[in-house]
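Please look over the sequence and the structure before reading the points below.

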Amino acid sequence: MADFIRARSDEQKEQRMAEIKQAARELFEQNPYHEITLTTIADRLGWSRPSLYKYASTKEEIFLSLAQDEMNAYFQALLAALPSGCGLAAPVIAEVWAGIANAHQSYFRLGDLLFSIVETNVALERLIEFKRAYYEHRDALATRLAELLGTEEARGAWAIESVYYHAVGMSGSCAANPLVAQALEAIGVDRSNFDFRAEMSEFIGMCLAHIAA
């Protein structure tokens, strides 16, 4: 990796944070969360830990920022795929939604950490920013679902959150955890045929049928 050069401008600071988040993302794809530290992130970047401290004081700050990036991408993809007036029926919306959820499994894997670990170890101001962004996204999608399905926005919001929590649980069971794989093998459970997209399509379909009823 290139030697650390301290950022001087806002643009350079954004670039440094992008590099930090990318390093955290790569480590999260390969290691359990508890094995990732500021030191391992700094090592991945080829920086010293004090250099990393100039941009983030805790691992949770980094992962909250990473989760916000993933959240933004997920909701933006949904709104783009379900434009106002598209006239898609609920079963088609469920298929589209499941495909997008499948492409954004990293968002749901991060969700498994948010409530119990990340959100309890960040500054209040940063958490407020994150929560505000979430509810703005959720409400925009709820409005779109209400329009497309002829239902109330509150019911659309319920569906969005139900899908999220279900996907968090499902993506966790799909995660490539060698220890879990060994445990399941020991008790004769085969998860190799587990299809996240198909499972999500079925669940989303049930949620949409419920709110449109």
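The model is predicted, so local features need pLDDT of at least 70 and side-chain atom pairs count only at pLDDT 80 or more, while totals for chains, interfaces and linings use all residues. Residues are numbered from 1 along each chain as its sequence is written, and side-chain values use heavy atoms, with hydrogens and water left out.

**Helix 4 and helix 5**

- Helix 4 (residues 59-81) and helix 5 (residues 90-103) pack at an angle of about 155°, and their axes are 10 Å apart.
- Helices here are DSSP runs (H or I, at least four residues), numbered from the N terminus; axes are lines fitted to C-alpha atoms over the stretch in contact, and angles run from 0 to 180 degrees between N-to-C directions.
- Helix 4 and helix 5 are therefore roughly antiparallel (angles over 145 degrees).
- Tyr74, Ala77, Leu78 and Ala81 of helix 4 meet Val96, Trp97, Ile100 and Ala101 of helix 5, where contact means heavy atoms within 4.5 Å.
- The residues of this contact comprise 8 nonpolar, no polar and no charged (Ala, Val, Leu, Ile, Met, Phe, Trp, Tyr, Cys and Pro count as nonpolar, Asp, Glu, Lys and Arg as charged, and the others, Gly among them, as polar).

**Phe75**

- Phe75 lies in helix 4 and is buried, with a relative accessible area of 1% (buried means under 20%, with a 1.4 Å probe and protein chains only).
- Leaving aside neighbours within four places in sequence, Phe75 is in contact with Tyr107, Tyr134, His137, Arg138, Leu141 and Ile160.

**Ser51**

- Ser51 belongs to helix 3 (residues 49-53) and is buried, at 8% relative accessible area.

Terms used
Helix = DSSP H or I, 4+ residues; strand = E, 2+ residues; numbered from the N terminus. Parallel < 35°, antiparallel > 145°, perpendicular 65-115°, else oblique. Buried < 20%, exposed > 50% of the residue type's maximum accessible area, 1.4 Å probe, protein only.
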